[in-house]
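Please keep the model open while you read.

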Amino acid sequence: MSMMLQELKIGTGQLSAGMYVCRLDRPWTGAPFPLQGFLVQPGTQLDWLREHCHWVWIDVRRGTAPAGRPAVAAAAAMDTGDRLIGSVVHVDTVPFAEELPAAHQAHDNAARLAARILADVQAGHKLAASEVRTAAEPVVHSVLRNADALFWVNALQRHDSYAYGHAINCCVLAAAFGRHLGLPEDLLVDLASGGLLLDVGKTQLPHALLADPGPLDEAAMEQVRTHVELGQAILADSDEPHAATVVQMLRTHHERWDGSGYPDGLMARAIPLAGRMAAIIDSFDAMTSLRAHAPAQARHEALQELYRNRGRLYHGELVEQFTGCLGVYPTGSLVELSTGEVAVVMTQNPSRRLRPLVMLLTGADKVPRDVFSPLDLMLQPEGEPVSKQVNIVRPLPVGAHGLDPAELFL
């Protein structure tokens with residue numbers, strides 16, 4: 001099913017049952033609907049939308065349109081990547097627990113190869129496209145079998161350096177984001193390969209520059225920005241050609257929707273889909289990683305930062321899709337429950353993003369449990385009143401209550 005949206009912005013007074021809502025004029029967080037969009041049902045859904053929203057965007061290819069209103073295409077000029085969105089319907093084929101061993105193996109394989117690839121390039125050796133694909137393919141295969149297992153494995157890893165961790169994280173995020181967008185498998189491998197190599201050009205920059213706690217002056221920033229051209233030179237010098245998507249991602253992952261990015265100052269859809277995705281992925285992982293000049297943000301804080309900059313720095317619709325991919329409370333996030341207990345998010349429940357599967361880490365007194373136990377927030381006791389159900393009341397910052405999931409041997 002194609003996701004080349006035929007979007008129409010309408011006032012909620014025009015909204016009726018049978019229309020397919022794909023965007024709101026407010027954040028999806030807290031809205032009682034699936035983030036990927038939904039077919040409006042009569043009754044409470046309409047009441048909620050009219051009470052909380054002034055405008056919504058409907059996809060008239062997937063639902064009805066207002067009488068007398070023609071459909072307005074969301075984008076007339078789409079690159080090849082945009083036209084492939086929604087071309088494949090991906091569904092989990094292996095349960096989370098069964099996929100975990102393969103996810104661990106895929107992650108370890110990618111980590112080992114990424115470390116070697118970056119070290120070889122730093123030492124002046126040529127980059128082999130086939131080695132990059134060898135690292136990326138098992139990641140994609142695991143993500144296709146189960147969307148959550150590799151996220152969980154990656155969330156519990158502590159990487160030796162930012163450069164190495166950033167490569168792995170962006171590889172995993174690119175594969176998962178592409179799966180969420182319904183892109184074909186061969187393109188997912190290209191995206192994961194590009195994610196692995198986004199900052200390969202930084203291997204040619206002085207270590208002291210990258211380790212500087214900053215803030216950097218303009219001359220130093222200009223030197224850091226050269227990593228894009230340096231990365232392209234590394235790709236061009238390879239013995240084997242790299243996929244066009246990989247080249248696009250390296251060239252455009254610092255371009256911004258409003259034209260304020262570099263190196264070419266591209267705007268809006270002049271930036272290829274792979275570059276628009278890479279900008280979101282690269283920024284999200286940078287914000288959630290410990291860097292020389294900044295502490296790690298919580299995942300939900302990084303998503304909020306992306307959302308605040310949608311339509312300015314990042315493609316707004318893709319930011320919403322990325323939030324849908326990761327969930328309101330992304331895998332690996334610390335959260336506090338209505339019981340007072342602290343938990344870490346394990347997997348998402350696609351139909352109810354506010355009710356993921358979590359691992360309980362503490363009691364209500366915030367003291368770590370002797371035995372950690374999973375709790376599916378979708379599975380509430382039958383007949384339990386809403387006021388008695390266990391819910392997430394708030395996300396927690398990194399390291400809250402002295403907890404670090406990567407140190408807990410989950």
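The points below go through pockets, helix packing and one loop.

1. Before you start: this is a predicted model, in which local features need pLDDT of at least 70, side-chain atom pairs count only at pLDDT 80 or more, and totals for chains, interfaces and linings use all residues. Residues are numbered from 1 along each chain as its sequence is written, and side-chain values use heavy atoms, with hydrogens and water left out.

2. Begin with the largest pocket, which holds about 1,300 Å³ of space. A pocket here is an open set of points on a 1 Å grid over the protein atoms alone, with protein on both sides within 12 Å along at least five of seven lines, and lining residues have an atom within 4 Å of a point. A volume is the space filled by probe spheres set on the points, which are joined across faces, edges and corners. Of the 44 lining residues, Tyr162, Asp199, Lys202, Leu210 and Arg291 lie nearest the centre. Elements giving two or more residues to this lining include α3 (96-122), α6 (162-180) and α7 (185-197). Helices are DSSP runs of H or I with at least four residues, numbered from the N terminus.

3. Which helix gives the most to that lining? The answer is α6, with 5 residues. By class, the lining has 25 nonpolar, 11 polar and 8 charged residues. Ala, Val, Leu, Ile, Met, Phe, Trp, Tyr, Cys and Pro count as nonpolar, Asp, Glu, Lys and Arg as charged, and the others, Gly among them, as polar.

4. Stay with α6 and look at its partner α7: their axes come within 7 Å and cross at roughly 155°. Axes are lines fitted to C-alpha atoms, for helices over the stretch in contact, with angles from 0 to 180 degrees between N-to-C directions. The pair is therefore roughly antiparallel, the word for angles over 145 degrees. Contact, meaning heavy atoms within 4.5 Å, involves residues including Ala167, Cys171 and Ala174 of α6 and Leu188, Leu191 and Gly195 of α7. The contact residues divide into 10 nonpolar, 2 polar and 1 charged.

5. Another neighbour of α6 is α4 (residues 129-145); the two axes come within 9 Å and cross at roughly 45°.

6. Now turn to α11 and α12, which pack at an angle of about 50° with their axes 8 Å apart. Thr245, Gln248, Met249 and Thr252 of α11 touch Ala274, Gly275 and Ala278 of α12. This contact counts 3 nonpolar, 4 polar and no charged residues.

7. The loop between α11 and α12 deserves a look, as Pro263 and Ala268 are both found there. A cis peptide bond joins Tyr262 and Pro263, with omega about 10°. Phi of Ala268 is near 45°, a positive value in a residue other than glycine. For background, most residues other than glycine have a negative phi, and most peptide bonds are trans.

Notes. 1 Å grid on protein atoms, 1.4 Å probe; cavity = no way out; pocket = protein on both sides within 12 Å on 5 of 7 lines; lining within 4 Å. Parallel < 35°, antiparallel > 145°, perpendicular 65-115°, else oblique.
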